[in-house]
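Work through the exercises below with the structure at hand, and try each task before reading its solution.

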Amino acid sequence: MDFLRPAGWSEALEAKANHPDATPIAGGTDVMVELNFDHRRPETLLDLTRIEQLREWSRTERNGVPTVRIGAAVPYARLIEELGTTLPGLAMAARTVGSPQIRNRGTLGGNLASASPAGDGHPPLLASNAEIELESVRGSRTLPLADFFTGVKRTDMAPDELIAAVHVPEGTGPQQFSKIGTRNAMVIAVCTFAVALHPRRRGVGTGLGSAAPTPRSATEAEEFLAGALAEDGQWDDPRPLPASVTERFGELVARAAAPIDDVRGTAGYRTHALHVLARRTLSWAWDEYRSGTELSGRQRCA
Amino acid sequence: MTGATRATSPGPERIEGHAKVTGTARYAFEHPVADPLYLHPLRATIARGRVTSVDTTAAERVDGVRLVLTHHNAEALVPIGDPELAVLQSDEIAFRGQLIGAVVAETQESAAHAADLVEIRYERMAHDSDFRDDADIVYTPDADASPMLSPDLEEGDVDAALADAAFTVDATYTTPTEHHNPLEPHAVIAAWDDDGLTLHDSNQGSHLVRDLIAPLFGVDKERVSVISPHVGGAFGSKGMPHGHVALTALAARHTAGRPVKYALSRTQMFELVGYRPPTRQRVRLGADREGRLVATEHDSLEQTSRFKQYAEQSASASREMYTSPNRRVTNRLAALDVPAPTWMRAPGEAGGMYALESAMDELAVSAGIDPVELRLRNEPEVAPVSGLPFSSRNLPACLREGAERFGWHERDPRPGVRREGDWLVGTGVAASSFPSLFFPGSLATIRHESGGKYRVEIGAVDIGTGSRTALTQLAAEALEVPVEAVELWLGSTEQPHASLAGGSAGTASWGSTVVEAVRAFRTEHGHDPVSGAETTAGAGKNPDAGEYAMHSYGAQFAEVRVNADTGEVRVPRMLGVFAAGRIVNPRTARSQFLGGMTMGISMALHEHSVVDERFGHVVNHDLAGYHIAGNADVGSVEVDWIDEHDPHVNPVGVKGIGEIGIVGTAAAIGNAAHHATGVRVRDLPLTPEKFLR
Amino acid sequence: MRLNLTVNGRAMTADDVWEGESLLYVLRERLGLPGSKNACEQGECGSCTVYLDRVPVCACLVAAGQAQDREVGTVEGLADGEELSTVQRAFIDEGAVQCGFCTPGLLVAADDLIERVPEPSDAEIREALAGNLCRCTGYEKIMAAVRTAAERSGGTSGSGSSAGGDRT
């Protein structure tokens, strides 16, 4: 086995080009488990922990929208500490990842590359319309997260590509995330749901986790809610949401799921729980919107 | 016999505490040995059949590989009647994951890598791993299934009594496969030299390991040393040596004296070191208008392995718990092509009392009687089946004391009516009981070193329970010297023979042995012994054994919250009050009770080894999939005990505390969950979807 | 490969390290430091918690090569010579140690907590130790030990909020 330890980004891209089968490793929370369990024996490990630029985040603008560019190797603990108010939905999800030890080490880039349907970071990124920046010696490309996931633990990445960063538009309204697990911590989600209200563009974003082969948005639910809010003039003059709206939103979210039975929960329970999570997070987010808090870092968990 | 609950000093601190907090306590795998080799097992990937061919060529070519061992080149072991220890003796496969070979190499990595390269072909036979009530697989256990066989019990006429009863319950409860998962995986270092075999082994009794491994290899017991100074938890899974010990010793025959090290992976532990078998238990209770039981029936069906019999005997929990003129208790086994089950913390009682105490709660609800009161009304004067007097029985005191402290009298009995936000809130109670056992045959050596310093040796083991500390205290007390004047040695066959750590009998058996050995020492050497004066002795037969029914008791109270929308279950508060004879060291004892109760919370909410019948293996076979309660899952857990002086149970008056903490916990939580929601879940664990109906 | 790192303040070298092995294996099998325990190999139990450049991590999830030139702190480095650290002493005093296998990882996690949060609330303690499983003690004594350690370190631990039903 080779262990490549590039000191910089271009060196890393060169290494990946020369060793397309190399397994990138950062926090090790997935790769090392596979090695320890003898499930995999890659020819080459490509250590990304020494590349400073991957461990940085910055504020930028994309298409006129204030955006946070998060380097792929920023660990969850820093997302919580440093981006809790700017990207509240992502920070809430990050707080439910594993344990403190895992959050100190695990990275958003690693989470995305593993593309687990249960990855906690994915739903809030989807709800915020995040994009992923991939790079290789051939150049760089940026694609919507929804296009990045192609199947269970499969992505659109080419063998010579590495994840450089994630671009997350800054929230302009409340964001919420909720997770159901059988344990209070250290738990792979039975299901998760994220919602983001985007008052400036009068839109709604959603993300579902552990609910389908890939993390996905509930597009119909987003359109329904955005439409209902616009129709009732709710964006400008927010009033309590009619029960029929939250109920319908919950139904459409649940309908967007294609869950399976597994040891963590049945498909039926997941569908039910998503319905509950959707209503719950929406009511939290809407309360927040009504009380005028445009941005909130409050943590709400299931 | 009953005083107020005690307020005493916390007791001496754990003797090996310093070694454990500094990381210098050496567990089995950590013993420094010269030039070790590492073993990686080969395991069956089918659930039943035969190995037809093994190609080791590629594996043997891997750098650093010293041995590939299979049934083709393994030496013959002496049949001693334990199929788990008869590793690599034939080509037969009785369960998925069975040990069928080993690779031994210079590093753990090369052994694992080479093991992947061994090509094994099988003849696959149809297997059956589906636990169910089916005449084809169900039978009545005999003495081969358990050394403590509890035969069918039939007293009076249960059916007639049920027909006439004012209130009845007829309910079936199920408990799943559960795995012990001590934090320390089983580990062994085996080395043969001219003197014989040395095993650094993680176990619950070094002498028992020696007494089985020596004859297995056809050598004298004196030629086998087993060393186990620190053990990282066991809970029954290290009670009997399992196949890995035999396999490692077998491999070490081929290494010219080099030690062979093997620590099981967490995943391997799900197939190789036992588990609590799943049960399906039907309980029928009948009571008169005042709630007095007129009939008790408890029938348990439990999984066993065709490979090696084991009888959990959950229904036996109902034999002596409450008074009942008519009673039927039966245990049945369903034999499957699965790994061998074994004792796990409170075997029988943990699952059996879950069923009985849940049924008692159902009876309380249907009779409209407070569940604490219902239990008090069914308190027997003497042991119901044997007719023996109790050596002491303070269940009523535990219930009353617990009810008082928990605030039980304020409880509104109606289920499903308390809501705080999204959470439905309820409280529940259950009784617990565990037999007070004593294992004979232990010996202790008392030696006066000099200047009033004593060395006490006994081949007991401290699996984390605090036995090293408690035995030091008991020795010091009997010698009438400060604890600092006693140096206690345990954990090895170099010390005198001792029984295993199990059945909550450690302090009772070994403590009595130490105390009796001190008495013998004083008789022989007086109170002013010369330096080097030494006596080895054991405890005689307890004259009260067979004259009294001996059990410890407890009452468990739980507050449970169930989310009305999602069914998530939380346990913010528990209280356990126990009556377990003398508590030698409050500091370590409290932890034993707390730990038992927490494992009970875990059993109630999380623990479930999910078997895929198609392949015959547990699918959630690691700690990410098999959940045990974490810190965040446990709210406030309080423990107290009744000051109980039992002159009959054994010379030190202790009844055993290692297991009773888990007994009744799951029932108390399930009963509280019913009180919270009005939904009676009868299948453990209490996962969210079961509350959404 | 050859691995150079600093462990508990001492420069150490391990030779013939397999590239895919974990820092935990290096510590336990190559550097003679078995205090950090191997119990799950997947970051679930926390028994192998060590400091890596002063941040608590699961040593089982750190590839050996990632520790090159880094600073590692293990349970063996918590005491100052014969003098136990505050957390170590508190674990003994409160009876928070049973079988001892989860203890080394818990000590590192607790040591880190008290360093960062001198006066942790119960909720903060539970959160900080959420990644450390214990099968023996039932956590109550561990909570007590961390509270005691915090008090002795100068903070006064609040013990008000215990984990209730709602995790808001």
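**Exercise 1.** Determine how H3(A) and H4(A) are oriented to each other, and which residues bring them together.

*Solution.* In this predicted model, start with helix H3 of chain A, which spans residues 76-83, and helix H4 of chain A, which spans residues 88-95; they pack at an angle of about 140°, with their axes 9 Å apart. Angles over 145 degrees would count as roughly antiparallel, and 65 to 115 as roughly perpendicular, so H3(A) and H4(A) are oblique to each other. Their crossing is left-handed. Next, look at the residues that meet: H3(A) brings Tyr76(A), Leu79(A), Ile80(A) and Leu83(A), while H4(A) brings Leu90(A), Ala91(A), Ala94(A) and Arg95(A). Sorted by class, this contact has seven nonpolar residues, no polar ones and one charged residue.

**Exercise 2.** Find how many residues of chain B are in contact with chain A, and describe that side of chain B by class.

*Solution.* Counting first, 21 residues of chain B are in contact with 18 residues of chain A. Helix H3 of chain B, residues 108-117, gives the most to this side of chain B, with three residues. By class, the side of chain B that touches chain A has nine polar, seven nonpolar and five charged residues.

**Exercise 3.** Which residues have the most contacts inside the largest nonpolar core?

*Solution.* The largest nonpolar core has 369 residues, and those with the most contacts inside it are Val253(A), Leu274(A), Val103(B), Ala475(B), Val514(B) and Ile669(B). Taking Val103(B) and leaving aside its neighbours within four places in sequence, its contacts include His40(B), Leu42(B), Ala59(B), Ala111(B) and Val118(B).

Note on methods: Residues are numbered from 1 along each chain as its sequence is written. Chains are lettered from A and ligands numbered from 1 in the order in which they are written. This is a predicted model: local features need pLDDT of at least 70, side-chain atom pairs count only at pLDDT 80 or more; totals for chains, interfaces and linings use all residues. A nonpolar core is a set of buried Ala, Val, Leu, Ile, Met, Phe, Trp, Tyr and Cys residues joined through C-beta atoms within 7 Å. A residue is buried if 20 or more other C-beta atoms lie within 10 Å of its own, exposed if 12 or fewer, and partly exposed in between; C-beta atoms are placed from the backbone. Two residues are in contact if their C-beta atoms, placed from the backbone, lie within 7 Å. Axes are lines fitted to C-alpha atoms, for helices over the stretch in contact, and angles run from 0 to 180 degrees between N-to-C directions. Helices (H or I, at least four residues) and strands (E, at least two) are DSSP runs, numbered from the N terminus. Angles under 35 degrees count as roughly parallel, over 145 as roughly antiparallel, 65 to 115 as roughly perpendicular and the rest as oblique. A crossing is left-handed if the near helix is turned anticlockwise from the far one by less than a right angle, and right-handed if clockwise. Ala, Val, Leu, Ile, Met, Phe, Trp, Tyr, Cys and Pro count as nonpolar, Asp, Glu, Lys and Arg as charged, and the others, Gly among them, as polar.
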